[in-house]
Amino acid sequence: MKKRVISLLMAAAVTASLFAGCGNGDAGKDNSAEQNADAGNDSNADQNAGADQGDDAGAADAGNAVDGTEAPADNGAGSADGAELALVIDVGTIDDKSFNQGSWEGIQQYAEENGVSSKYYKSAEATTDAFVETIELAIEGGAKTIVCPGFLFEEPIFKVQGQYPDVHFVLVDGEPHDADYNYETAQNTMPILYQEDEAGFLAGYAAVKDGYTKLGFMGGMALPAVIRYGYGFLAGADYAATEMGVDGVEVTYYYTGSFDATPEAQTMAASWYQAGTEVIFACGGSVGNSVMAAAEAADNAKVIGVDVDQSSESDTVITSAMKMLSNSVYDAVKSVYDGSFKGGETAVFNASNDGVGLPMAGSKFQTFTQADYDAVFAKIVSGEIKINNDVEKEVSDLGLTKVTVKEVQ
Amino acid sequence: MKKKRDSIGFLSSLFAIVVGLLVGLVILLISNPSQAAAGFITILTGPLTHGSKGVGQVFYYATPIILTGLSVGFAFKTGLFNIGAPGQFIVGAFAAVVVGIKCGFLGGIHWLVALLAAMIAGALWGAIPGLVKAYFNVNEVIACIMTNYIGMYMVNYLISTNKSLYDKIYNYSKNVAGTANIPKMGLDVIFEGSSVNGGFFIAVAAAAVIFILLEKTTFGYELKAAGFNKDASRYAGMNEKRNIILSMAIAGALSGIAGALLYLAGSGKHIEIADVLAGEGFTGISVALLGLSNPVGVLLAGIFIAYITAGGFYLQLLNFSTEIIDVIIAVIIYFSAFSLFVRVFISGLRRKREEHAAGGKGEGGKKE
Amino acid sequence: MEARMDYIIEMLDITKEFPGIIANDHITLQLKKGEIHALLGENGAGKSTLMSVLFGLYQPEGGCIRVRGKEVKINNPLDANALGIGMVHQHFKLVHNFTVLQNIVLGKEDTKNGLLEMKAARKKVMELSEKYHLSVEPDAVISDITVGMQQRVEILKMLYRDNDILIFDEPTAVLTPQEIDELMNIMRELVSEGKSIIFITHKLNEIKAVANRCSVLRRGRYIGTVDVAGTDREALSEMMVGHKVQLTVEKEEAKPSGVVLAVNGLVVKSKKQGHTRDIIRNVTFQVQRGEIVCIAGIDGNGQTELVEAVTGMIKADGGSISVKGEDITKKSIRYRNTHGMSHIPEDRHKHGLVLDYSLEENLVLQDYFEPQFQSRGFIRRDAVHSYAEKLIQKFDIRSGQGTATKARSMSGGNQQKAIIARELTKKHELLVAVQPTRGLDVGAIEFIHKEIIKERDAGAAVLLVSLELEEVMNLSDRILVLYEGEIVGQLDPKKTTVQELGLYMAGSRRGEAG
């Protein structure tokens, strides 16, 4: 009898683990999907998106970002199984509202405009070998150009770039290197990096210009990219305060130490809002989910998103400090096809090539206008504004004049 | 008789697999009718059509889940439900990675020491639920679930707070020294291009050791007796507490080795700082169920599940979204795990018949 | 022919086959109106199958059933119920957290406007209860009442449904002697009110006490029907078993020679919360070499705990236990097992056997660790196998596949034989046997009784615990009566009667403690 009970338990655990398995890839995602549900947003739970696919593949309407998942089926009707334009992702999901999704949108846009077949491949596990295997699978499927989003692909690209000289590789947000960090970019590879400080600057500037005086920055781990966002944010706020001549702009500044949505992060964000913080720049993966949850629970609390336009995640998001992933991926792919592909060196995307920015159309500003945005954007492009983006420096060495920074330890 | 029962086990596993595959086929048909047949063939033959590399990958994926399957299956044979495999797995992996990073001076025996460390760490971690059950009568399932989370968070903490272990850019553990990687033992030649390594031989050896332990030794006799009938084993004077603790420790050691073999595979696997329990530990439950907790069965079940998972990977060559593929593979594994129920059902029928038969024989014997 | 109408049920020439075995081979059973008809047979003789056919659970391959002279086809228990046939199962089918009344009414509830209407039902139940002297407490919850009362609830269930053909399947197996007597009275009452009863049993004295006629089955065959009054127990048992059976145990005078087991002031406290009464209260007794000492008492008076304390299954909370002068109070079970104690446990499925182990594995359950059966931690399968073969031969253990048979698929008698073979073969000087013949048929009981006496004559000390008064009287050399955890009397079976023993067991008489 006991044995029977145990086996039932085991079966139950298997069931549970299967669902856990579904959730694994997108640990933070579950939250966001939940938050979106009431916003009438297009992000179905992943499983649904997949399950529906067969039925309404034909009904995929343009403009609906998440319908990206259904693209392979679209292509399948007419073309062969393979695709010459491939996105290879890690173990996350395609509609992650982040790198995977942004890159995929860029690829899709180009594929649709030019009638090129496209497809994405997902890795079996998060190891260098598995990434290599997946890239090779894409090549087996006929891929001529492969886009890999995220620095996890630095080593895999390093391994395959020499092996497949006829295939073009686009590495978003990273540069190829081997296990011992010897960097080398082959002629058929194009790494893309972003100047996060410029995006952060725009966000900080816009927030202060829009009348916010109590700001917060909640970063994930203190990695260079995150620090650049943060320092840019501080500089932008300071620049705006100086320009407007207002005093008393405060920024509470903190790194949570992880990119996960944790109760601690949510509690901290809630306490900031409680203490008068009006808007928090949530800069660190799923940390954003925690901050948004706290903002939704508080009155009049706002959030600034990061990397991609996160306005669909929560009504509290007023704008996002974006890397224009789809733009840059689109440009990179386009360059492969029109022959202007510049392999062998890293492409830096910043304001000057529309690689970073704020999504003004989807932003909820009161007084900050498109004209204001264009003006400051032009100043960055022209080099009139110089942002101190040295990540080795402390906050106190940034030379801020108007803004008081409260660093939380 | 014994043979007959074994064959029931095998048949019920086979039956469960067939049902799982059929349900998988139905989902394929619903999601993309025009490619369902091709998709089904890809799932069944994918790894084989990708040459020696494809086959090698199957063995590579099978290695850790064979061991976690053995871990769960062994505990189950002794009447314990080791749902703590994910925790033991990650604690073992941690020990292996620490030794792998810090003890480069060990040279040729480096990987062996790392493996041993993982085994010991896993055993200690597994022994905790055993101790708690033996001395405080706390159900091992509850204790195991706790140790899963404690293990995961503890490892996350220990890595992320230790500069020498932590690669903060990638947010995972640093690379282990090359000497800590499990030697390929010639498998890289046979299965060129795949990540398979000597770890697979270690998994097979572990299955053999567990088989011998359970079937040939007095210790296995005691453990199985306790698993079948705890009261009878007490009546026979077996040391219940000791057996529970040892049994959980051995199960933990197996999961610990599983962790070491995955993270020392040289495939570029790192311990990620994420609040997620190791999936390999849970897959071990499926493997144990499909393999009916029998070491040989677990070995085959591990290879089968790895094979199907690899087949699902190749399914991406056709037009199936990755989500659907995940669902299909999960369904196949899930149904396969039902083999136990099929077996209970079949042997239930058989038992009824046997009891009638036994009644008849008993009387027949008294004729004289 | 004219007598036909006398039969309320006739099962003629019933044949029921299962794959590989004929469970009922042309069996005829005729039940007269107003009689108690015993159906006698050993375990597996086909009694239960026959009753299942009558109850519509199985469809026979051959033969026909007539009820009240009319041929009927019974497809399911509902059909049987409609024909007025009711059955009290060996294992009661009651809802444990329902009250007595709810259980009786269950399935035949009256409703009024869709709501339960219990008033009429309560009235009817109380009337039936008074009429047949079936005293029950209608509002008590089943899990709170005694087994005897639960059985009365089952009987009332049948009466409430106006059944007049009642089948009792081994109804006395779970009852105390007093409860058995009570049941016999109830059965007599029922037939005097016009009911007819089929009484399934393998206990001869119960048949003698209550039945009018008796049909005997053996190995699926119909042996015959006899008038109980004109047949003695020996004849009945011969019909049942197929050969002569010794019903009284023959044994010589005991020759006690030296104390083996000495229990001194033993105390076992209750582990249940809120219970302050000790389960075993200051029990002192001795068992000598060459004698059988029997602990008698009504179930639940501490026998189980006493034996468990002696064998080490539970800790003693006070007092001491010694074997051959050595204090073993604090020793492990294994130590006791390897230092002269053999133990035939009360529950052979729970303790005595690992049912999923083979017969040979079970036969070494107490000594697999001895050098004889292992070397360097590895089991010596050959040695185990040949040892098992030897025991199977010596104790005549029958099983389908010899040593490889799973214990689970063996019959109860052979399972018990396996335990006895194991415990008697291993080195020992003290045998603790708890209800060694429970649930076994006459043949097996005879065998086990002989073995126990052989033990005694070979110089072992035997501590026997039994709930069967007949066994207590027949087998023991000395009787200790346990009542509420105390030894209330020491009796000599040759100088006492069952009635006197009963008084001690009920606690209404006390003598000097053993």
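Author: Helices (H or I, at least four residues) and strands (E, at least two) are DSSP runs, numbered from the N terminus. Val105(C), for instance, has its place in helix H3 of chain C, which covers residues 100–105. The model is a predicted one, in which local features need pLDDT of at least 70 and side-chain atom pairs count only at pLDDT 80 or more, while totals for chains, interfaces and linings use all residues. Residues are numbered from 1 along each chain as its sequence is written, with chains lettered from A and ligands numbered from 1 in the order in which they are written.

Reader: Why does Val105(C) count as buried?

Author: A residue is buried if 20 or more other C-beta atoms, placed from the backbone, lie within 10 Å of its own. Val105(C) has 23 C-beta neighbours inside 10 Å, and therefore counts as buried. Leaving aside neighbours within four places in sequence, Val105(C) is in contact (C-beta atoms, placed from the backbone, within 7 Å) with Met118(C) and Ala121(C). Glu486(C), by contrast, lies 381 residues from Val105(C) in sequence and 42 Å away in space, C-alpha to C-alpha.

Reader: In the open sheet of chain C, what is the order of the four strands?

Author: Strands of a sheet pair through backbone hydrogen bonds, either parallel or antiparallel. Here two strands are taken to pair if DSSP finds at least two bridges between them. The order in this open sheet of chain C is E14-E13-E16-E17, with antiparallel pairing, and its edge strands, each pairing on one side only, are E14 (280–288) and E17 (326–327) of chain C. Strand E13 of chain C, residues 259–268, is joined to E14(C) by six bridges and runs antiparallel to it; within this pairing, Val263(C) has Phe285(C) of E14(C) as its bridge partner.

Reader: On E22(C), which residues lie on one side and which on the other?

Author: In a regular strand the side chains alternate between the two faces of the sheet. In E22(C), one side carries Ala461(C), Leu463(C) and Val465(C), the other carries Val462(C) and Leu464(C), and all of these are buried, leaving both faces covered. Because five of the five residues of E22(C) are buried, the strand is largely enclosed by the rest of the structure.

Reader: How many bridges join E15(C) to E22(C), and in which sense do the strands run?

Author: E15(C) and E22(C) run parallel and are joined by four bridges, among them the one in which Ile292(C) is partnered by Val462(C) of E22(C). E21(C) also pairs with E22(C) in the parallel sense, over five bridges, and here the partner of Ala433(C) in E22(C) is Leu464(C).

Reader: Which elements do the buried residues of H15(C) pack against?

Author: The buried residues of H15(C), including Ile445(C), Ile448(C), His449(C) and Ile452(C), pack against strands E15 (292–296), E21 (430–434) and E22 (461–465) and helices H8 (233–241), H14 (412–425) and H16 (469–475) of chain C. After H15(C) comes Gly459(C), whose phi is positive, near 105°.

Reader: At roughly what angle do the axes of H3 and H11 of chain B cross?

Author: Axes are lines fitted to C-alpha atoms, for helices over the stretch in contact, and angles run from 0 to 180 degrees between N-to-C directions. In chain B, the axes of H3 (residues 51–77) and H11 (residues 240–263) come within 8 Å and cross at roughly 175°, which means that H3(B) is roughly antiparallel to H11(B) (an angle over 145 degrees). Among the residues that meet there are Leu67(B), Leu70(B) and Phe74(B) from H3(B), and Ile250(B), Leu254(B) and Ile257(B) from H11(B).

Reader: How many helices and strands does chain B have, and what share of its residues is buried?

Author: Chain B has 15 helices and two strands, and buried residues make up 62% of its 368 residues. Among contacts in chain B between residues at least 6 apart in sequence, 77% join residues at least 24 apart.

Methods:
A residue is buried if 20 or more other C-beta atoms lie within 10 Å of its own, exposed if 12 or fewer, and partly exposed in between; C-beta atoms are placed from the backbone. Two residues are in contact if their C-beta atoms, placed from the backbone, lie within 7 Å. Angles under 35 degrees count as roughly parallel, over 145 as roughly antiparallel, 65 to 115 as roughly perpendicular and the rest as oblique.
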